[in-house]
Amino acid sequence: MRGRFLLLAPVLAGALAAPPAATAAEPPDGQFSVQSINGSGCRAATTQVRLRDLSRVDVSFTALQAQQGRGVPASSRRSACTVSLRAPAVRGYTFGVDNVLLRGRATLPAGTSATATASSWFVGSPRTVHAEREIPGVFDAIWDLRAVVRPGSVSWMPCGTNTPVNLRVDVRVDARPGGVGRISLDAGTNEPSASYRFAWKRC
Amino acid sequence: MLGRRWGTAFAAFGILAVLFTTAEPGAATVRSIDPPNGQFTIDVHSVHGNGCPPGTAKVVRAGDRTAFTVTYSNYTAQNGGGIAISQRRAACTIAVDVGVPHGFTFGITRTTFRGFADLAEGATGRLDTQYWFVGMDVTGKIRRDFTGELQDNWQATDEVPLPEVMWMPCRPGGVPLNIESSLTVNAGRINPGTTSLMTMDATDSEVTTIYNIAWREC
């Protein structure tokens, strides 16, 4: 099952800079730098970011999981993390997320379900690119969410800036009193929890 | 779904301020000149509140200081199911320095809140936001209500003009602005034994400089 990217409408479209008219380009040389890792699902040293080149970043979480069950506090039903990355200042280029792959494991009896979400936005912006997958029980296996942003819907960094991008992931077990379930963003394999691909173009 | 009553009212105030200022004689010469140098900037000075205790909030800034993100790891309000009453409201105030460009101009801050709601049937949640410039009278509040049964991520954006800044266009340095948010949850009477909650993941703010109105030099 494939997730689908939805583009949430910006609140003040008229005031936003016009999207740069440009053509796709190979990414410049260099690496992203990690500005911040924060959230209920990525406390101290449970997250690894693998900076490959400017077209791809992998993130692995070992503690991003949500569960519901007897004695489990309500706050454990959802777990989230936001990773903030800054591209090197390269004049004349911009980029945006155009592909995301999440994977993990879920154990869901009949009558329960879980949801995994990937959202991204540039620092300050109300424009969110969002993909979601709902996993209904009965399910006890590795799951994934693969989403491709339509070419016309990529949210680009404003040209002439090097504004960081925020990459948020969250998983949740859909609440139902008495239900039991678990979902994680750790598949237990050597593969990363989240893989992002970035499109580049000249401004 | 998300009201922006106060933002609209504030915009009207901003326009009044422009008219009044440009009609004021003697203080400065109103004329058509080149746009002011630079643009508004916005930067986080500090955060405080029970929704963002030390070590739980992180700040990411845009390189040109026209935007920032604050992320939270422990900003949750919850109620019902035996949760302590003290947890039904969580709040965080972001103290911001607004840098004012030289000359006379106009700016808008746009602030976006992103989070999650998990409300049982009959439970309600609330996002309250408030903006005020330190030492000034004008404040404003925006309230948004959420109603259970609901389990989803949410997002809300406020647009706040910066009219006060126009009264001090020649003031050196930054103008302190507070951005306060709070989440409040009421478990309600249908499912008082079920814990309902609201969480804030991130607050983003950006400032836009507008040059297409009258301005004057200091």
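**View 1. Surroundings of A:Leu102 in the predicted model.** Leaving aside residues up to four places away in sequence, A:Leu102 touches A:Ala116, A:Ala118, A:Asp144, A:Leu145, A:Val169, A:Leu185, A:Ser193 and A:Ala194. Both A:Leu102 and its neighbour A:Val169 are among the residues with the most contacts inside the largest nonpolar core.

**View 2. The largest nonpolar core, made up of 92 residues.** Besides A:Leu102 and A:Val169, the residues with the most contacts inside this core include A:Cys81 and A:Val100 from chain A, together with B:Phe68 and B:Val70 from chain B. The element that gives the most to the core is strand β8 of chain A (residues 93–108), which provides seven residues.

**View 3. The contact between chain A and chain B.** Here 33 residues of chain A meet 32 residues of chain B. On the side of chain A that touches chain B, two or more residues come from each of the strands β3 (33–38), β7 (78–86) and β12 (165–173) of chain A. The largest share, four residues, belongs to β7(A).

**View 4. Strand β10 of chain B (residues 174–186) and its pairing with β5(B) and β7(B).** Strand β5 of chain B (residues 89–99) runs antiparallel to β10(B), and eleven bridges join the two. Within this view, B:Thr93 lies opposite B:Glu180 of β10(B). Strand β7 of chain B (residues 124–133) also pairs with β10(B) in the antiparallel sense, through ten bridges. B:Phe133 faces B:Leu177 of β10(B), standing opposite that residue.

How values were computed:
Residues numbered from 1 in each chain as written. Chains lettered and ligands numbered in written order. Predicted model: local features only at pLDDT ≥ 70, side-chain atom pairs only at ≥ 80, totals over all residues. Core = buried A, V, L, I, M, F, W, Y, C linked by C-beta atoms within 7 Å. Buried ≥ 20, exposed ≤ 12 C-beta atoms within 10 Å, placed from the backbone. Contact = placed C-beta atoms within 7 Å. Pairing = 2+ DSSP bridges.
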